[in-house]
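Hi,

Here is the structure I promised to pass on. Have a look, and my notes follow below.

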Amino acid sequence: MAGAGSAPVPPGGASSGPPVPPRPLDPIDRSIMRLLQADGRASIRSVAEQVHVSRANAYARINRLIDDGVIRGFTARVNHERAGQGASAYITLKIVQNSWRTVREQLRELPGAAHIALVSGDFDVLLLVHTPDNRTLRELVLTRLQAIPEVLSTRTLLVFEETDLQDPGPAPAQTLTEE
């Protein structure tokens, strides 16, 4: 797929000028996105067959989705426990007003940080982290997070189990038939 490894171009090309409104997506575009979310390594031929368009059409649509910034890239979904990151937690942070950009840059540097969101409500930031174990998680919270001057308080929510809604799940068992 051309452009799959390159940096996404902002919608409308260069970043100067007014932002270009998003282009409407049709059912075929949405089907292509679902297929690629389930398997980012799917071939153009496979995608085309599953959405019932030609390979050239599928190729053009995927490249348009990339060029428009709808598809931001392709990645692997990791089983963190199998990768030695068996402890996961969502950590909420209250931060000093107007310090989001500074805090975000410091959070990006944390080992195991997987997702950072500025949110509304009782706290300001929601952080997802994966660590090898609870001891490492404890050290991350007590020595790294709470040492950031703009962080006023934290609350740690341990993840006991998680379900990836984009994961198609295990392949169905094949039944052996006698011939």
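The axes of helix α1 (residues 27-38) and helix α3 come within 11 Å and cross at roughly 80° (axes are lines fitted to C-alpha atoms, for helices over the stretch in contact, with angles from 0 to 180 degrees between N-to-C directions). The two helices are therefore roughly perpendicular, the word used for 65 to 115 degrees. Helices here are DSSP runs of H or I with at least four residues, and strands are E runs of at least two, numbered from the N terminus.

This is a predicted model, where local features need pLDDT of at least 70, side-chain atom pairs count only at pLDDT 80 or more, and totals for chains, interfaces and linings use all residues. Residues are numbered from 1 along each chain as its sequence is written, and side-chain values use heavy atoms, leaving out hydrogens and water.

On the α1 side, Ile28, Asp29, Ile32, Met33 and Leu36 meet Arg61, Ile62, Arg64 and Leu65 of α3 (contact means heavy atoms within 4.5 Å).

Also in α3 (residues 55-67) sits Ala58. Ala58 counts as buried because its relative accessibility is 0% (buried is under 20% relative accessible area, exposed over 50%, partly exposed in between, with a 1.4 Å probe and protein chains only). Beyond its neighbours within four places in sequence, Ala58 contacts Ile44, Val47, Ala48 and Val53. Arg45 is 13 residues from Ala58 in sequence, with 8.1 Å between their C-alpha atoms.

Further along, Leu145 touches Ile91, Leu93, Leu107, Leu110, Leu127, Leu140, Val151 and Thr154, leaving out residues up to four places away in sequence.

Best wishes

How values were computed:
Angles under 35 degrees count as roughly parallel, over 145 as roughly antiparallel, 65 to 115 as roughly perpendicular and the rest as oblique.
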